[in-house]
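The sequence and the model are shown first.

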Amino acid sequence: MPPKSSKANQSTGVTSSSGYLLTCDPPMKQFIMHLNDKKSADKKFILEDLDATHLLIKGDVRDEITRKVDEWMDENVFSTIERVGENLDTS
């Protein structure tokens, strides 16, 4: 018999499942929702969109989301450049 991953409440029809509460800022949440939207219906990982800064996600994709967010952050972090006119040789 396969393990049950969710239970349905007989009286209310509410389904419960295990997952992680993800807290992030709105831009990060939009990126994570974009990742979810790119998946096929059977691979989607967002269980519930709770509010502007919280998502309930499946536990088995936590590492994948962390890796994708890290990659996205690395692509969008800019290093400081020297200011114009600084350290110029005027001789």
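Helices here are DSSP runs of H or I with at least four residues, numbered from the N terminus. The model is a predicted one. Under that definition, lysine 29 is placed in helix H1.

Lysine 29 has a relative accessibility of 5% and therefore counts as buried, the limit for that class being under 20%. Apart from its neighbours within four places in sequence, lysine 29 is in contact with Cys24, Asp49, Asp51, Ala52, Thr53, His54 and Leu55.

In soluble globular proteins, nonpolar side chains tend to be buried together. The largest nonpolar core in this model consists of 12 residues, namely Leu22, Cys24, Met28, Phe31, Ile32, Leu35, Phe45, Leu55, Ile57, Val61, Ile65 and Val69. At least two residues of this core come from each of helix H1 (26-37), strand E5 (54-57) and helix H2 (62-76). The largest share, four residues, is supplied by H1. For valine 69, the contacts beyond four places in sequence are Met28, Phe31 and Ile32.

How do the two helices H1 and H2 cross, and how close do their axes come? The axes come within 11 Å and cross at roughly 120 degrees, which means that H1 is oblique to H2. The crossing of these two helices is right-handed. On the H1 side, Pro27, Met28, Phe31, Ile32 and Leu35 meet Ile65, Lys68, Val69, Trp72 and Met73 of H2. Classified by residue type, this contact has nine nonpolar residues, no polar residues and one charged residue.

Technical notes:
Residues numbered from 1 in each chain as written. Predicted model: local features only at pLDDT ≥ 70, side-chain atom pairs only at ≥ 80, totals over all residues. Heavy atoms only, no water. Core = buried A, V, L, I, M, F, W, Y, C linked by side-chain atoms within 4.5 Å. Buried < 20%, exposed > 50% of the residue type's maximum accessible area, 1.4 Å probe, protein only. Contact = heavy atoms within 4.5 Å. Axes fitted to C-alpha atoms, helices over the stretch in contact; angles between N-to-C directions. Parallel < 35°, antiparallel > 145°, perpendicular 65-115°, else oblique. Left-handed = near helix turned anticlockwise from the far one by under 90°. Nonpolar A, V, L, I, M, F, W, Y, C, P; charged D, E, K, R; others polar.
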